[in-house]
Amino acid sequence: MVERQEQAVPDAVLTRIGQVVMLHHAGDREEARHRFLGLWAEIGEDGDPLHRCTLAHYLADTHEDPADELAWDLRALTAATELTDDRLAEHEGAPAVRALYPSLHLNLAADYAKLGRAEAARTHLRRARAAAEALGDDTYSDGVRAAISRLELRLGEGGRADGGAADGGGWGPPRQRP
């Protein structure tokens, strides 16, 4: 019973991150970045990996400079490697650690593409696609898979991990036949 009560207690840091995410989505990028950086100063480089991963993941989106965005996305990935499923299980509805990787690698692929580093972008895109097997069957997962497919098209990946042409087994709508 005590264990369930502990699990039901919301994580104050994640709640604060969520509040800043709403501020950012409402259009106040500068204020969101300022507040996220304040939270980062509180958490620190050695803080809870879940907090660092979540915060860096969202903080990256508040930066206009692709190099800054890349730096924060790399911090998110580094923190994710320190996470355990037990840590995530403390939060109701949290995904398994492996379900975080498709989005993290997708973001890195997009960052590298913005920086004109196509090969690094393709590498992370292939990692995102491979990691996407861990995603569930829900709206979020569908969105991540669709974003992977869109970036594959932009980078000429064609929907296959080896960079070859799609054979119709990829995600998304079927191709029209001539």
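Which residues have the most contacts inside the largest nonpolar core? The close-ups below start there. This is a predicted model, in which local features need pLDDT of at least 70, side-chain atom pairs count only at pLDDT 80 or more, and totals for chains, interfaces and linings use all residues. Residues are numbered from 1 along each chain as its sequence is written, and side-chain values use heavy atoms, with hydrogens and water left out.

**View A. The largest nonpolar core.** I17, F36, L55, L106, L125 and I148 have the most contacts inside this core of 41 residues. (A nonpolar core is a set of buried Ala, Val, Leu, Ile, Met, Phe, Trp, Tyr and Cys residues joined through side-chain atoms within 4.5 Å; buried means under 20% relative accessible area, exposed over 50%, partly exposed in between, with a 1.4 Å probe and protein chains only.) Elements giving two or more residues to the core include helix 2 (12-25), helix 4 (49-60) and helix 9 (139-155). (Helices are DSSP runs of H or I, at least four residues, and strands are runs of E, at least two, numbered from the N terminus.)

**View B. Helix 2 against helix 4.** These two pack at an angle of about 5 degrees, their axes 10 Å apart, so they are roughly parallel to each other. (Axes are lines fitted to C-alpha atoms, for helices over the stretch in contact, and angles run from 0 to 180 degrees between N-to-C directions; under 35 degrees counts as roughly parallel, over 145 as roughly antiparallel, 65 to 115 as roughly perpendicular and the rest as oblique.) Helix 2 makes the contact (heavy atoms within 4.5 Å) with V13, L14, I17 and V21, and helix 4 with L50, H51, T54, L55 and Y58.

**View C. A closer look at V21.** V21 sits in helix 2 and counts as buried because its relative accessibility is 11%. Leaving out residues up to four places away in sequence, V21 touches F36 and Y58.

**View D. T62 in its loop.** T62 lies in the loop between helix 4 and helix 5. With 0% relative accessibility, T62 counts as buried. Its side chain reaches the backbone oxygen of L59 at 2.7 Å. Beyond four places away in sequence, T62 touches H24, R29, A32, R33 and F36.

**View E. Helix 5 against helix 7.** The axes of this pair come within 9 Å and cross at roughly 155 degrees, which makes helix 5 roughly antiparallel to helix 7. Among the residues making the contact are P66, L70 and L77 of helix 5 and Y101, L108 and Y112 of helix 7.

Note on methods
A polar contact is a pair of N or O atoms within 3.5 Å; within protein, one must be able to donate a hydrogen and the other to accept it, and residues adjacent in sequence count only if both atoms are side-chain atoms.
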